[in-house]
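Here's a quick briefing for anyone meeting this structure for the first time. Have a look at the sequence and the model, then read on.

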Amino acid sequence: MILSEEHLLIRETAAELAVSAIAPLAVEADKDAKFPKEQIKAIAQQGMLLIKVPDNYGGGGGDVLSYTLLMEEVAKACGSTAMTMAAHALTADCILKFGSEEQKKEYLPKMATGDYFGGFALTEPEAGSDAGNVQTTADDNGDYYLLNGKKAFVTSGDYCDFVLVVAKTDATASPSRSMTTFLVDKEHFKVTNHVNKMGLRASHTVDIELVNAKVPKNAVLGSVGQGFKIAMSALDGGRIGIASLAVGLLQACVEESVAYTGSRVQFGHPISDNQAIRWMLADMHKDCEAARQLVWHAASLCDAGRDFGLAASTAKLFASEAVMNNAINAIQVQGGYGYCKPAKAERLFRDAKSTAIAEGTSEVQRMVISNYIVKK
Ligand SMILES: Cc1cc2nc3c(=O)[nH]c(=O)nc-3n(C[C@H](O)[C@H](O)[C@H](O)COP(=O)(O)OP(=O)(O)OC[C@H]3O[C@@H](n4cnc5c(N)ncnc54)[C@H](O)[C@@H]3O)c2cc1C
């Protein structure tokens with residue numbers, strides 16, 4: 001697949017933005033685990049933070065393919081900023097797809113400014129890969145819902161003005177009908193733990209708790225009982241985002257490795273003259289190109305309104321494993337220097353692992369893919 005002139009322009013704009021406003025802050029953000037507020041604001045000022053949301057709701061009016069191009073460029077500069085953007089965009093997508101007109105008008109324009117953050121709270125201590133096992137409850141008390149429970153790994157949760165909480169509204173129904181999604185403002189939950197991650201250090205991840213949180217009736221997103229459907233839909237779209245994040249990290253591995261091996265001299269010539277090194281570079285490029293094409297294919301199916309679930313899981317599985325396999329070699333070709341800070345390869349390696357876990361592990365992607373292709 002090749003890009004149109006319009007998409008090439010979006011990629012160029014995103015690349016310029018990433019180089020000027022995101023890359024210079026990446027090392028410090030990683031070192032200090034500093035939330036990338038400034039970087040997110042810069043993306044918003046370019047009108048790209050909610051690039052997939054129509055412009056009448058304050059978004060960029062672009063398509064999913066444009067989003068993958070933006071994600072790749074941002075991730076190439078800073079994985080943490082890309083993850084922060086991905087969680088915010090996924091939350092906006094849920095509101096766009098399932099929200100009432102009133103909710104869309106209330107939340108999306110504010111979210112597009114980068115000053116008002118949204119998050120997605122599905123995972124719980126007992127509900128990770130088994131997302132149907134949500135224990136958080138939402139009891140209908142007539143005028144409002146009373147929410148109680150614990151949510152784990154909420155991206156940007158400590159900076160969020162609101163989060164989407166998936167909670168059980170019917171204990172007797174099957175998982176696909178027992179849950180409802182709520183727009184929960186920050187005064188209704190408290191952060192109980194800042195997760196200390198190995199990578200994506202500047203993307204904050206927190207655990208939250210809801211204790212007798214009185215949430216108004218109009219905070220229901222979609223309809224009562226639709227929570228699991230909303231969560232699964234969010235994850236399908238989100239997988240394209242994480243896959244493009246992986247492609248950005250992988251492209252950075254390629255560029256770092258080519259630059260370093262071209263300038264590092266051993267035995268009287270650049271180490272890139274050695275076939276052993278060249279093969280690693282060639283494999284990085286090959287995997288990056290293949291991953292990118294899978295991502296673009298999934299995005300194009302989504303833009304065409306076709307079923308993209310299989311393509312999204314395939315792209316995420318391939319891209320996240322490809323970036324991990326090659327990030328190891330991005331360190332290898334830099335020898336001892338690649339293993340140490342401030343080598344970018346060291347950060348890329350730590351950031352890469354997250355892509356095979358967040359928004360569904362590789363094992364879950366294999367389950368999704370096999371469910372599509374194995375005839376029952
Ligand atoms: C950086 C990051 C950001 C995240 N952001 C968010 C967020 O914003 N919102 C949110 O809700 N969640 C978020 N998550 C949570 C993420 O979605 C979960 O970590 C993920 O779904 C896995 O759940 P778990 O960690 O409980 O692992 P588990 O489900 O306990 O899995 C442990 C291992 O067992 C494997 N496994 C489990 N079941 C099976 C099976 N049936 N067959 C084979 N293998 C199996 C898994 O693949 C994995 O290898 C984030 C996670 C990370 C790392």
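## A first look

D115 and K41 form a salt bridge, and their closest N and O atoms sit 2.8 Å apart. A salt bridge here is a side-chain nitrogen of Lys or Arg within 4 Å of a carboxyl oxygen of Asp or Glu. This pair ties together distant parts of the chain, 74 residues apart: D115 is in the loop between helix 5 (101–112) and strand 1 (118–121), while K41 is in helix 2 (residues 37–45). Keep in mind that this is a predicted model, where local features need pLDDT of at least 70, side-chain atom pairs count only at pLDDT 80 or more, and totals for chains, interfaces and linings use all residues. Residues are numbered from 1 along each chain as its sequence is written, and side-chain values use heavy atoms, with hydrogens and water left out.

**Salt bridges**

- By the rule above, the count comes to 17 salt bridges.
- D115 is partly exposed, with a relative accessible area of 45%; the terms run like this: buried is under 20% relative accessible area, exposed is over 50%, and partly exposed is in between (1.4 Å probe, protein chains only).
- D93 pairs up with K52, with the closest N and O atoms 2.6 Å apart.
- That pair also links distant parts of the chain, 41 residues apart, with D93 in helix 4 and K52 in the loop between helix 2 and helix 3 (64–77). Helices (H or I, at least four residues) and strands (E, at least two) are DSSP runs, numbered from the N terminus.
- D93 counts as partly exposed because its relative accessibility is 22%, whereas K52 is buried at 17%.
- D287 forms a salt bridge with K286, the closest N and O atoms being 3.0 Å apart.
- D287 is buried, with 12% relative accessible area, but K286 is partly exposed at 45%.
- Salt bridges that share partners also join D30, K341, E346 and R350 into one network.

**The cavity**

- The structure holds one cavity of 30 Å³ or more. On a 1 Å grid over the protein atoms alone, a cavity is a set of points where a 1.4 Å probe fits but cannot get out, and lining residues have an atom within 4 Å of a point.
- The largest cavity has a volume of about 50 Å³, where volume is the space filled by probe spheres set on the points, and grid points are joined across faces, edges and corners.
- Its lining includes K52 and D93, along with Y67, A86, A89, L90, G237, G238, G241, I242 and E359.
- Helix 4 (79–98) and helix 7 (227–263) each supply at least two residues of that lining.
- By class, the lining has five nonpolar, three polar and three charged residues. Ala, Val, Leu, Ile, Met, Phe, Trp, Tyr, Cys and Pro count as nonpolar, Asp, Glu, Lys and Arg as charged, and the others, Gly among them, as polar.

- Y372, I373 and V374 form a nonpolar patch on the surface, with about 290 Å² of accessible area together. For such a patch, residues need over 30% relative accessible area and no salt bridge, and nonpolar side chains (Val, Leu, Ile, Met, Phe, Trp, Tyr) are joined within 5 Å.
- Y372 is found in helix 12 (residues 362–373) and counts as partly exposed, at 38% relative accessibility.
- T361 lies in the loop between helix 11 (344–353) and helix 12, and T361 counts as buried at 17%.

Terms used:
1 Å grid on protein atoms, 1.4 Å probe; cavity = no way out; pocket = protein on both sides within 12 Å on 5 of 7 lines; lining within 4 Å. Patch = residues over 30% accessible without salt bridge, like charges linked within 9 Å, V, L, I, M, F, W, Y side chains within 5 Å. Areas by Shrake-Rupley, 256 points an atom, 1.4 Å probe, with all protein chains shown as cover.
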